[in-house]
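Here is a brisk report on one structure and its ligand. Keep the sequence and the 3D view open while you read.

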Amino acid sequence: MTKDKVGFVGLGIMGLPMAANLAKAGFELTVYNRTPGRAEQLEGPTIRIAQSPAEVAEASDIIITIVSDSPDVEAVVLGPNGVIEGIRPGSILVDMSTISPAVERRIDQELQGKSCSLVDAPVSGGDIGAIKGTLAIMAGGERKSFERVLPLFEAMGKTITYCGPVGNGQLTKLCNQVLVSVNLLAVSEAVTFARKNGLDPATMIQAVAGGAAGSWQLSNLGPKIVDRDFAPGFMIDLMQKDLRLVLEAGDQAGVALAAAGLVHQFFNSAQAAGDGRAGTQALAKVIEKLSAV
Ligand code: NAP
């Protein structure tokens with residue numbers, strides 16, 4: 001059986017290494033990035049650079065998009081020279097950006113008019129997961145579409161989960177962001193509490209990380225807070241985009257997202273202090289300021 005030809009739109013921090021992993025797994029790729037120069041960083045005999053998302057779609061059986069926000073996905077899929085202008089009947093669009101579930105459903109409707117389908121498949125695991133090919137991928141769409149794109153997911157990720165119909169991938173990712181951000185607030189408070197009470201915060205983290213309080217945020221971001229390393233693995237600005245999506249979906253479903261709402265406000269304070277492009281662990285600085293550290 002011949003492999004599906006793959007198109008890739010959006011070669012940012014995440015997209016570039018994900019596309020490289022697909023090429024490494026032997027997929028023939030046609031790629032596009034809005035700002036020229038990024039695509040040239042991908043080298044190989046099976047990689048072709050296209051001039052528009054429409055051109056990517058014309059050459060591909062499965063088209064992956066990973067751009068910033070909902071309007072950006074709408075622009076590269078439904079806009080002028082977008083994927084929809086070139087997509088062939090039977091092709092599948094896989095959007096791996098983190099965006100609104102409602103926008104994914106609307107795009108799916110448009111694609112169905114072209115006898116195509118959508119899989120929404122946002123990711124977790126950051127740039128390191130993208131480079132190592134160990135991303136968590138949470139996918140929504142028709143099961144037969146999911147099964148067809150699974151070999152691509154296996155080249156980019158490790159924990160791959162089918163979550164149900166279109167939009168459910170994004171909803172699952174939003175649950176991920178509630179867990180991550182509220183947990184990070186707890187880490188920020190615990191480190192500040194330790195410091196103000198005269199504990200060595202690094203020893204505190206070492207003591208509790210292996211017990212019931214252990215978490216990815218504590219083990220990976222806790223030491224960065226202690227070391228005053230606020231370089232971004234995941235930027236506050238991007239987390240705020242995700243928390244806006246969380247709160248919007250929460251409003252629609254009638255969910256009391258008190259803690260996620262609170263972290264969103266604290267991140268507003270971090271952004272106002274000029275830390276929008278810092279890593280999410282800079283949340284600790286907000287708690288320190290409130291605690292007169
Ligand atoms: P990024 O480095 O800023 O890259 C964004 C990409 O989207 C760039 O290729 C950019 O093109 C393209 N783009 C944005 N708006 C566009 C538009 N209107 N038209 C055409 N292209 C457009 O961001 P990233 O970190 O890769 O994140 C991409 C997505 O993955 C986001 O939805 C983010 O929330 C999600 N995500 C990120 C991480 C992470 O750790 N970074 C983790 C999980 C999920 P240009 O080069 O021309 O700007």
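## Two reference residues

Q112 sits in helix 5, which spans residues 101-112. The model is predicted. Now take Q112 together with L221. These two are 109 residues apart along the chain. Their C-alpha atoms are separated by 42 Å.

V187 belongs to helix 8, residues 168-196. Its relative accessibility is 4%, so V187 counts as buried, the cut-off being under 20%. V187 and L218 lie 31 residues apart in sequence. In space, C-alpha to C-alpha, V187 and L218 are 5.8 Å apart.

## Ligand shell

How many residues surround the ligand? The shell has 23 residues, and the closest are I13, N33, T35, S68 and K241. By class, nine are nonpolar, nine are polar and five are charged.

Where does the shell come from? Domain 1 (6-166) and domain 2 (174-290) each give at least three residues to it. Three helices each supply at least two shell residues: helix 3 (70-78), helix 6 (126-132) and helix 11 (236-253).

## Polar contacts and cover

A polar backbone atom of I13 is 2.9 Å from an oxygen atom of the ligand. For G12, a polar backbone atom is 3.3 Å from a ligand oxygen atom. A side chain takes part as well: an N or O atom of D72 is 3.0 Å from a nitrogen atom of the ligand.

How much of the ligand does the protein cover? On its own, the ligand has 900 Å² of accessible area, and the protein covers 85% of that.

## Parallel strand pairs

Strands of a sheet pair through backbone hydrogen bonds, either parallel or antiparallel. Strand 1 (residues 6-9) runs parallel to strand 2, and four bridges join them. Within this pairing, V9 stands opposite Y32 of strand 2. Strand 1 also pairs with strand 4, in the parallel sense and over four bridges. There, G7 stands opposite I63 of strand 4.

Strand 4 pairs in turn with strand 5 (residues 92-95), again parallel and over four bridges. I63 has L93 as its bridge partner in strand 5.

Strand 2 covers residues 29-32. L29 and V31 point one way from strand 2, while T30 and Y32 point the other way. Which of these four are buried or exposed? All are buried.

Strand 4 covers residues 62-65. I62 and I64 point one way, and I63 and T65 point the other way. These are all buried too.

Another set of three strands forms an open sheet in the order 7-8-9, with mixed pairing. The edges are strand 7 (123-124) and strand 9 (157-162), each of which pairs on one side only.

Strand 7 and strand 8 (residues 135-139) run antiparallel. Two bridges join them. S124 has A136 of strand 8 as its bridge partner.

Conventions. Residues numbered from 1 in each chain as written. Predicted model: local features only at pLDDT ≥ 70, side-chain atom pairs only at ≥ 80, totals over all residues. Heavy atoms only, no water. Near = heavy atom within 4 Å. Polar contact = N/O pair within 3.5 Å; in protein donor to acceptor, adjacent residues only side chain to side chain. Areas by Shrake-Rupley, 256 points an atom, 1.4 Å probe, with all protein chains shown as cover. Nonpolar A, V, L, I, M, F, W, Y, C, P; charged D, E, K, R; others polar. Domains from an automatic or database assignment. Buried < 20%, exposed > 50% of the residue type's maximum accessible area, 1.4 Å probe, protein only. Pairing = 2+ DSSP bridges.
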